[in-house]
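Visitor: I would like to learn how to read salt bridges, pockets and surface patches. Could you take me through them one by one?

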Amino acid sequence: MINDGFRLLPEQGSTHAAPVDLLYFFLLGLAACVTVVIAALIVYFSIKYRRGNTHVDRTPGDGHALALEITWMVIPLVVSMLIFGWGAALYFSGYRSPAGAMEVRVVAKQWMWKFQHPNGRREINTLHAPLGQPVKLTMISEDVIHSLFVPAFRIKRDVLPGSYAACWFEATRTGGFHLFCAEYCGTNHSRMIGSVVVLEPADYEAWLGGGQANESPAAAGKRLFEELRCAACHLPETGPVRGPPLQGVFGREVTLKGGQTVTADENYLRESILRPGAKVVKGYEPIMPSFDGQVDEEQLIQLIAYIKSQAVP
Ligand code: CUA
């Protein structure tokens, strides 16, 4: 928790924290064991083979000890593969959000964190979150590389311009937790900090309902979709079909002109709005104009949220 004195490790505030700490202590213990063994051997050999000790056999061996050589290759291999597998499993569990996680959109810029909740409520540098529910953060930067770091949750993820990054957490205790930018991003990098405030689910619901009237990202995206006249080409019922229909496209594989397939995720949709010619869907002409410069990052997020909400019934 914020301001609770000195501690060697941040407290464990999410389901991800204890497994990360376990790996950390394993690595620490392993390093300590190796250090102790090497130090002990140095001391032992330097005494045993000291100059003038006539009680030891100093005849050189034949230079080969197959069993020993195999042992010192196999043991490190097994140990390093164990660390690799363990670390990879933790990485995947930390950055692949579980299905059904509540989605919070994050836009980073010099020098602040902007958060938007599913019902549209916005906040800056403070993130309210419910206890015991998975929360997915879909993040992008408006300028340079930032990095979202919540030590108590053991999550840290670079936030890049031009591409969405995601991570998730499930808080296990209520309270306030530090939030940092962990990538040097200019003059006020050190002040790009904030807090995550974990509330009981009922309190979080009450908090969500407070504030001014909110428009959800999907609703704002629908409005934008109409304002930018996307429907003229992308909704079959409103005109000739000049662009691929967008209903139910999110998360699906789409086949491109060249025959390759891509998954229509956030990054694909974003690219297709800004650079429509980059990955043209099979059966369509590259006639869509670019919306680069016409929509900002928040509007892109809204458009994508709208497309995402258009699941096939
Ligand atoms: Cu943003 Cu450092």
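Visitor: Which residues are linked in a network of salt bridges?

Guide: Happy to start there, with one reminder: this is a predicted model. As a general idea, side chains of opposite charge can pair when their charged atoms come close. In this structure, a network of salt bridges links Glu103, Arg105, Glu266 and Lys308.

Visitor: How many salt bridges does the structure hold?

Guide: There are eleven salt bridges. One of them joins Lys114 and Glu298, whose closest N and O atoms are 3.1 Å apart.

Visitor: Which parts does the pair of Lys114 and Glu298 tie together?

Guide: Lys114 belongs to strand S2 (residues 112–116) and Glu298 to helix H7 (residues 297–309), so this pair ties together parts that lie 184 residues apart in sequence.

Visitor: Are Lys114 and Glu298 buried or exposed?

Guide: Both Lys114 and Glu298 are buried. For Glu298 the relative accessible area is 17%, and buried means under 20%.

Visitor: What does the side chain of Glu298 meet in strand S3?

Guide: Glu298 also forms a salt bridge with Arg122, at 2.5 Å from N to O. Since Glu298 sits in helix H7 and Arg122 in strand S3 (residues 122–124), the pair ties together parts 176 residues apart in sequence. Arg122 has 43% relative accessibility and counts as partly exposed, whereas Glu298 is buried.

Visitor: Which residue forms a salt bridge with Lys279?

Guide: That is Glu271, with the closest N and O atoms 2.7 Å apart. Here Lys279 is partly exposed, at a relative accessible area of 31%, while Glu271 counts as buried at 16% relative accessibility.

Visitor: Which elements give two or more residues to the lining of the largest pocket?

Guide: Those elements are helix H5 (231–234), strand S11 (253–255), helix H6 (266–274) and H7. H6 gives the largest share, four residues.

Visitor: How do the residues of that lining divide into nonpolar, polar and charged?

Guide: The lining of the largest pocket has 24 nonpolar residues, five polar and five charged.

Visitor: And what about the second largest pocket, which residues lie nearest its centre?

Guide: They are Arg157, Tyr164, Ala165, Ala166 and Asn267, from a lining of 13 residues. This second largest pocket has a volume of about 210 Å³. Strand S5 (134–141), strand S8 (165–170) and H6 each supply at least two residues of its lining.

Visitor: Where does Val74 lie?

Guide: Val74 is in helix H2 (residues 66–95). With 42% relative accessibility, Val74 counts as partly exposed.

Terms used: Residues are numbered from 1 along each chain as its sequence is written. This is a predicted model: local features need pLDDT of at least 70, side-chain atom pairs count only at pLDDT 80 or more; totals for chains, interfaces and linings use all residues. Side-chain values use heavy atoms; hydrogens and water are left out. A salt bridge is a side-chain nitrogen of Lys or Arg within 4 Å of a carboxyl oxygen of Asp or Glu. Buried means under 20% relative accessible area, exposed over 50%, partly exposed in between (1.4 Å probe, protein chains only). Ala, Val, Leu, Ile, Met, Phe, Trp, Tyr, Cys and Pro count as nonpolar, Asp, Glu, Lys and Arg as charged, and the others, Gly among them, as polar. On a 1 Å grid over the protein atoms alone, a cavity is a set of points where a 1.4 Å probe fits but cannot get out, and a pocket is an open set with protein on both sides within 12 Å along at least five of seven lines; lining residues have an atom within 4 Å of a point. Grid points are joined across faces, edges and corners, and a volume is the space filled by probe spheres set on the points.
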